[in-house]
Amino acid sequence: MDQNTFLGLFIGALVILVPLFIACVTPLIKLNKSIQKLNDAIDILNESDAKKNQALDVVHDKLSIHTQYLVVDKKRLDNLSKRMHKLDNEEGFIDNINRE
């Protein structure tokens, strides 16, 4: 095998292998970019979810405090209704639900 034949085979092999390499590597690079974009989107969604959970925790705390105030007000109204009934023998608003 002389030098010209070897050079011709080498160039032919490069002409075949370089596009084959590019054809195999290009989808992998695109896939890697797509995976990175999806990971970024998931991170953004997780951050947003965490912020919403914190806001919901604050609302939940305020709601439980408000519920306690409502229970106290209901007990006060029940006591007032009992006192009015004792004083005037009037039957006020009757709510038989037992609240603690």
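**View 1. Arg-76 pairs with Asp-73 in a salt bridge, their closest N and O atoms lying 3.9 Å apart.** A salt bridge here is a side-chain nitrogen of Lys or Arg within 4 Å of a carboxyl oxygen of Asp or Glu. This is a predicted model: local features need pLDDT of at least 70, side-chain atom pairs count only at pLDDT 80 or more, and totals for chains, interfaces and linings use all residues. Residues are numbered from 1 along each chain as its sequence is written, and side-chain values use heavy atoms, leaving out hydrogens and water. Both partners sit in helix α1, 3 residues apart, about one turn of the helix. Helices (H or I, at least four residues) are DSSP runs, numbered from the N terminus. Arg-76 is exposed, at 56% relative accessible area. Asp-73 is partly exposed, at 37%. Buried means under 20% relative accessible area, exposed over 50%, and partly exposed in between (1.4 Å probe, protein chains only).

**View 2. Asp-78 forms a salt bridge with Lys-74.** Their closest N and O atoms are 2.7 Å apart. The two residues are 4 apart in helix α1, about one helical turn. Is Lys-74 buried or exposed? Lys-74 is buried, with a relative accessible area of 13%. Asp-78 is partly exposed, at 26%. The structure holds 2 salt bridges.

**View 3. The structure holds 1 aromatic pair.** Phe-6 and Phe-10 are stacked, 6.4 Å centre to centre, with 20° between the planes. Rings of Phe, Tyr and Trp (its six-membered ring) pair if their centres lie within 6.5 Å; planes under 30 degrees apart count as stacked, over 60 as edge-to-face and the rest as tilted. Both Phe residues lie in helix α1 (residues 3–88), 4 residues apart. Phe-10 is partly exposed, at 44% relative accessible area.
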